[in-house]
Structure formats: structure tokens, C-alpha cells
Amino acid sequence: MAGMPENVAATASLLAAGGYVADTALATTVHLALRMGRPLFLEGEPGTGKTEIAKVLAAQLPRRLVRLQCYDGMDLSAAAYEWNHARQLMAIRLAEAAGNVADIENSIYERRFLEARPLLQALEGEPAVLLIDELDRADEPFEAFLLEVLADFQLTVPELGTLKAETPPVVIITSNRTREVHDAIRRRCLYHWVDYPDAAREKAILALRAPGVSERLSAQVVAFVQRLRAGDYFKLPGVAETIDWANALAALDARELETGAVDATLGVLLKYQDDIAKLKGEEAARLVAEARSAA
């Protein structure tokens, strides 16, 4: 594709310019998806930065970001297109009033009566990045609607014909793996599992996304979160929570981790009361001591 980064290093630099620190494996997969014109399927735990990749690519390429947020019960009319029945009915009445009833059957299925939803919006107009977010939340039968878009970057509307993209969109699909996505989707995509970052990469992310946080506090925050993720909690904190927590501590004028400040701000880092109760107090104090020592 024209205008795409020429190599893996350039792709990593493009992502970094948008505030996303990618490891070599992820940068390589993103680069191949861009150069080969293939959809990119990203799986991983919530909060690991899957959705952010699409946002950064849209901002840096630059392209329109078209987002399809998946949900239970989503159908073709919400995802791809829908006929504007009110406008069609008005056209029929105008044709009847003008005595042009013979031509109305074909004319009411013209493109002007078709309302574009995200899938069709991404195929038409200026080049786009199409984000199909949390596909695992949609019903399994919905995946069949995506196959034509992913394989040929086109949509077939039975009453109108096939609408094909002049410039294929960059397609990013994300899944939190609450259910398995069908092999037919996977075969059409390049795949990458987005894991939690290691300590070095998480420090680099904080330097980019939370520049107001001191280096000492950032190092301690990362050391604390890295140890926390090794524990048995219902929902481990993602990178977004690490950034929010570091910013929250800095807003409280913290220079380093203190048990009192940690206990008071656990609601920024953890999102379930059982997890907060398990960590608060002695366990948090232990992790604070280890994090301060490690940093």
C-alpha cells in the first residue's frame, strides 16, 4: 500500500510517534499487515493496548478511523448498511403523484437510499482504518457478515450490487477472548497475541504517556504493577491502569510509593472490590517494599 512505512523499524517509529511502544514482534506483525494489505487480528487480555493500535495508526498514517464496536445481538443493519425506508416511501409517493409508478421499483433501490454503517463507511470515501472492536462480544453468526469484507474489501447488497473499496481500509480486529472466534475469520488475517508489557517496555510507555511523573515514581509504579500481575486476581491491571495510577499518584504530589497513598488509590488500579480487599493493607505494603527496593 502506498504511503506505508518501508520496514519494521519505520513501523515501530510510526507507532512510537503516536505514543505506542511496540516490541519487535508486534511491530513486525503490524508492518506485515500494512505492507501485505491483510487484516490484523489482535487478541489479548483487556487493557493491553489492542484498540490503541488502531487509533495510533489512524492518527499517524493519517486516515479516518471508523470504529465498529461489537455487542451481543448486533446485526447487519447496525454493522454494514440499512435501507432508509422513510425516504423510499416518500419517493414512492412522489412518483405516484407524478405518474411515474413504472420506474419506482428500480429507483427506490439506488445508492442514495442506502444508509452506510461502519463496515460500508470504511469502504467508501477517503482511506480509512477500520477498527472492529471486541469481536468476541458479537454473536457467532455475525462473523459470516465479515468474511466478504475481510477477503475482498467489498460488500454485496442484494438489491443494489457489490460495493468495493477503491482504497482498501487498514483493518484491525480485536478480541478479549471471552469466546473463540471462528477459523474462517482467523484465516483471513495476520494474528498477534498482545501480552502485558515487560518492565522495560512499561517504563518506556509511562515515559511517553505520563511524562509528568518522575522517573523514580514511574520505576516504582512499574515494579509494583509487574509484581501485582503475578498474583491471583480477578482482573489484572492493564497498561491503561498503570498510566492512570501513575498520573493519580503524581496528582497527589507523591514522590515515591507510600503504603497509605497506595491503599487510597487502589480504585484507580483495580476495578473489583474483592481484588482491592485482597491487596489492601499487608499485601500492598509488601509489594511497596519490594517495588521500592527493585527500583
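1. Glu256 counts as buried, at 17% relative accessibility. Buried means under 20% relative accessible area, exposed over 50%, and partly exposed in between (1.4 Å probe, protein chains only). Its partner is Arg292: the two side chains meet in a salt bridge, 2.7 Å from N to O. A salt bridge here is a side-chain nitrogen of Lys or Arg within 4 Å of a carboxyl oxygen of Asp or Glu. Arg292 lies in helix α16 (residues 282-294) and Glu256 in the loop between α12 and α13 (259-264), so the pair ties together parts that are 36 residues apart in sequence. Helices (H or I, at least four residues) and strands (E, at least two) are DSSP runs, numbered from the N terminus.

2. A note on the source. This is a predicted model, in which local features need pLDDT of at least 70 and side-chain atom pairs count only at pLDDT 80 or more, while totals for chains, interfaces and linings use all residues. Residues are numbered from 1 along each chain as its sequence is written, and side-chain values use heavy atoms, with hydrogens and water left out.

3. The structure holds 17 salt bridges. One of them joins Arg179 and Glu143, at 2.7 Å from N to O. Arg179 sits in the loop between β8 (170-175) and α9 (183-187), and Glu143 in helix α8 (residues 143-152), 36 residues apart. Arg179 is buried at 17%. Glu143 is buried too, at 4%.

4. Now the rings. The structure holds 5 aromatic pairs. Rings of Phe, Tyr and Trp (its six-membered ring) pair if their centres lie within 6.5 Å; planes under 30 degrees apart count as stacked, over 60 as edge-to-face and the rest as tilted. The centres of Trp83 and Tyr109 are 5.1 Å apart and their planes stand at 80°, so this pair is edge-to-face. Trp83 is buried, at 8%. Tyr109 is partly exposed, at 31%.

5. Phe234 and Tyr272 are also edge-to-face, with 4.7 Å between centres and 75° between planes. Phe234 is exposed, at 63%. Tyr272 is partly exposed, at 41%.

6. Which residues of α5 are buried? They are Gln88, Ala91 and Ala95. Gly99 follows α5, with a positive phi near 80°.
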